[in-house]
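Student: I'd like to learn how to read a protein model. Could you walk me through a few features?

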Amino acid sequence: MTSVVATNQTILVVGGGISGMTAALEAAETGKQVVLVEKNPYLGGRTVQLYRYFPKMCHPTCGLEINLRRLKANPRIQVLTLAEVTGIRGGRGNYSVSVKLKPRYVNENCTACGECGKAVETEIADAFNYNLGKIKAAYLPSNMAYPQRYVIDASIIGTPDAERAKAACKYGAVDLDDKEEVITLNAGAIVWATGWKPYDAEKIVYYGYGRFPNVVTNVEFERLADPHGPTGGRILRPSDGKEAKNVAFIQCAGSRDENHLRHCSRFCCMGSLKQTHYVQEAYGDAGKSTIYYIDIRAIDRFEDFYQKVKANPNVRFVKSKVARITEDKDGNPVCNGVDVEGYKRYATAHDLVVLALGMEPSVKGVDIPAEVMSDSSGFVMADPANAGIFGAGCATNALDVNRAVQSATAAALRAIQVVNKVARAEA
Amino acid sequence: MSDLNQQMANRYKNNFLKEIEEQAEMGEWVKMCMQCGLCSGSCPTNFQAGWDHPPQEIFMMIRAGKRDEVLSSGSMWMCTSCYNCYVRCPRKVPVTHVMHGIAEYAYRIGRAPKNQPTQHLSKTFWDNATKHGRVNEVKLTQSLYFKDGIGAGIKKGLEMKDVALGLVKAGRLNPLEALGMGHKCKDVDGIHKMLAKARELEAQRKGRDNKGA
């Protein structure tokens, strides 16, 4: 049985991405007890799946490392991975929360030596790389994964492969009898930081994602550019492995659209402007980028970043929402539309098309196990009637990393106030 | 405001956008366009030569007050009502209906392009269908074929004679319609009264809107 120490002065943080980690750390560093619940086998969420951040173009692993140091140094945070909240009862200052823990089949003895991965033969889709490649069914989700422990995929349990993994482990870390369990814990306040997911690109039928291999999404492009990604950081197109030197970015793919996502996702313009740097970095002057846009929303301080990209002769801006993607005989995706500056029809072939997908809150369509209000896009809103549960980060709005961290700090402060009240009442 | 100020203000007043909003059906949607171009890119008619201005350009021209260019444009008349633009518009602008609304308004005030084939078809079809409550196919075809003169009409008729005979054999075309016979609706007077009432209501609605503006 997993044992968790929690009282009604504990703050529960749901979601271990950049927002959840921040909220948990900020609260714990003021002396509060925190339980951090993460659905994946590792912390860091979608942030660690990025290659670089805007505007400084630094690597997310750096920021993650700082946060992990804070986390490891802090005895007040208990981290539960492969864990999902299934029910919340009670109210502000006194919640009772059920958490379902999925088996990892690997215990604390694991040293991440990798022998089990070598022994196992079955391959599964690489979720960390947005299914762009395959990995062994005994795997470390990423090099930076915290906890640094392997995971054995449930699909091989009961097969000879699982036995091979067990036999390969010198440390007795493989535990094939690991079972799913549901635990109940107390909390005085809850921070809901379940983050976002990219909009389902296949729903934008006229862009042909899923039909044309050389139409990829912005999150997939991050993995293509990352040296730890499926292509080792070379920007190669999926259909034939050719170097993608002529890349098109389609903005508002799903966002600002009453038929898809109503809201502006805010980060995608900056995301694409950033990704033009990847093309330039990989291929120098031979790397050409074209950004198709309605209008560029490089919010507040990022205008400068936009102006710099605009001054780059290798980046072309076309003011038009692409109406349709077709494929020519060489497998090149062709962007079709009408240019707003001159109203001329164009049909331009590229090596690769990147859809700048918008942000959909992860909570949308999910039955949040508590009464939490959400706006017309599905983002969590502050509910004065239920003021012991606070949204943080992308669960509350379409935010970039910087703003998500600010939002998480604010949520932590609100949660701290609730548990302080509980503490005073009990003193 | 002084007269001079008033004159200046008038110079900047976009009366044409207001005119379209009030007079053309669905015209109030024009201001919702955000110029993304998805409608134009999705339009199948832009493969043809007759496409002067894509819908999003028409919307921008209206806002820019280009009254003559918009009303005399052939573009609205090229719409095939495929509704691609309508279903895709990120702002849910009923582009198809707006284009029809502007076309109808241009026709109503006599500014639509002359001898525009779609416009001729629409008018002919409407007159034909409302006369007896049902379309007289023979007369409709005749008036369309002979639009450009007797010679052209006969030539076109001969080209299409196999199709016509096929339709007659299948019972889809009654040759007696040429003599004014053939199918009619049961209550022709009722149809005419209904249409007259609709026109009256339409005029009332537009009149009230004008006063309100």
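Tutor: Happy to! Let's begin with burial: a residue counts as buried if 20 or more other C-beta atoms lie within 10 Å of its own. Please keep in mind that this is a predicted model.

Student: What percentage of the 213 residues of chain B count as buried?

Tutor: In chain B, 24% of the 213 residues are buried.

Student: How many helices and how many strands does the secondary structure of chain B come to?

Tutor: Chain B has 12 helices and zero strands. Reading from the N terminus, the elements run α-α-α-α-α-α-α-α-α-α-α-α.

Student: Is chain B compact or spread out?

Tutor: Here we compare the radius of gyration with a rule for globules. For chain B the radius is 21 Å, well over the 17 Å that the globule rule gives for 213 residues, so chain B is more spread out than a compact globule. Along its principal axes, the C-alpha trace of chain B spans about 75 × 40 × 35 Å.

Student: Now the interface. How many residues of chain B are in contact with chain A?

Tutor: A contact means that the C-beta atoms of two residues lie within 7 Å. By that test, 16 residues of chain B touch 16 residues of chain A. Helix 3 (38–42) and helix 4 (55–63) of chain B each give two or more residues to this side, and helix 3 of chain B supplies the largest share, four residues.

Student: Which classes of residue make up that side of chain B?

Tutor: The side of chain B touching chain A has five nonpolar, eight polar and three charged residues.

Terms used:
Residues numbered from 1 in each chain as written. Chains lettered and ligands numbered in written order. Predicted model: local features only at pLDDT ≥ 70, side-chain atom pairs only at ≥ 80, totals over all residues. Nonpolar A, V, L, I, M, F, W, Y, C, P; charged D, E, K, R; others polar. Rg over C-alpha atoms; globule rule 2.2 N^0.38 Å. Buried ≥ 20, exposed ≤ 12 C-beta atoms within 10 Å, placed from the backbone.
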